[in-house]
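Here is a friendly briefing to read alongside the model. Take a look at the chain first, then follow the topics below.

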Amino acid sequence: MRIPPVCMRAGDNMKMAMVSQPMGGFTKKEILEARERAAKLLKDKGYVVADTYFDDDFSDEDLKEYGITQLPVFYLAKSLEAMSFCDVVYFCKGWGKARGCRIEHEVAVAYGLDVIYEEEEWVII
């Protein structure tokens, strides 16, 4: 079985987390800054944070050449794959306005992952 390198578990006692954040309308710099802030908060609470920023892994042009026509669906699928390794998902401000984040939220809640909302500072449901 191939284990995705994005999220190999650090150990049985380590809790894994991922960050869900809106990306549309934001620059790469803004996305990475928000992601780093969220990752720092999670790391400070003892979580190992999955790397779910896929921009550096492959270009949109490469994916199109490979035959992928629905790029947002491809990236969402990669995020859901990463979520399968996680115990908690941290939702950044504005997640409710982003289609991909709303889908990630639906999956996280439906499958019983802990959910943290940036807006409400460490509210876990």
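The lining of the largest pocket divides into 16 nonpolar, six polar and five charged residues, where Ala, Val, Leu, Ile, Met, Phe, Trp, Tyr, Cys and Pro count as nonpolar, Asp, Glu, Lys and Arg as charged, and the others, Gly among them, as polar. Please keep in mind that this is a predicted model, in which local features need pLDDT of at least 70 and side-chain atom pairs count only at pLDDT 80 or more, while totals for chains, interfaces and linings use all residues. Residues are numbered from 1 along each chain as its sequence is written, and side-chain values use heavy atoms, with hydrogens and water left out.

**The largest pocket**

- About 780 Å³ of space lies in this pocket; a pocket is an open set of points on a 1 Å grid over the protein atoms alone, where a 1.4 Å probe fits, with protein on both sides within 12 Å along at least five of seven lines.
- Grid points are joined across faces, edges and corners, and the volume is the space filled by probe spheres set on the points.
- Its lining has 27 residues, and Q21, M23, P72, Y75 and L76 are the closest to the centre; a lining residue has an atom within 4 Å of a point.
- Strand 1 (15–20), helix 1 (28–44), helix 3 (71–83) and helix 4 (99–110) each supply at least two lining residues, and helix 3 gives the largest share, six residues.
- Helices (H or I, at least four residues) and strands (E, at least two) are DSSP runs, numbered from the N terminus.

**The second largest pocket**

- This pocket holds about 160 Å³ of space.
- Its lining is made up of Q21, P22, F26, E30, I31, A34, R37, A38, C92, K93 and E118.
- By type, six of these residues are nonpolar, one is polar and four are charged.

- Q21 sits in the loop between strand 1 and helix 1.
- Q21 counts as buried because its relative accessibility is 7%; buried means under 20% relative accessible area, exposed over 50%, and partly exposed in between (1.4 Å probe, protein chains only).
- The Q21 side chain makes a polar contact with the side chain of R35 at 2.8 Å, and one of its polar atoms lies 3.2 Å from the backbone oxygen of I31.
- A polar contact is a pair of N or O atoms within 3.5 Å; within protein, one must be able to donate a hydrogen and the other to accept it, and residues adjacent in sequence count only if both atoms are side-chain atoms.
- Leaving aside neighbours within four places in sequence, Q21 is in contact (heavy atoms within 4.5 Å) with I31, A34, R35, C92 and C101.
- G96 is 75 residues from Q21 in sequence, with 9.4 Å between their C-alpha atoms.
- G96 lies in the loop between strand 3 (88–91) and helix 4 and is partly exposed, at 38% relative accessibility.

**Y117**

- Y117 belongs to strand 4 (residues 114–117) and is buried, with a relative accessible area of 9%.
- The side chain of Y117 makes a polar contact with the side chain of H105 (2.5 Å).
- The C-alpha atoms of Y117 and F91 are 4.9 Å apart, although 26 residues separate the two along the chain.

**The chain as a whole**

- Four helices and five strands make up the secondary structure, in the order β-α-β-α-α-β-α-β-β from the N terminus.
- Of the 125 residues, 37% count as buried.
- Among contacts between residues at least 6 apart in sequence, 67% join residues at least 24 apart.
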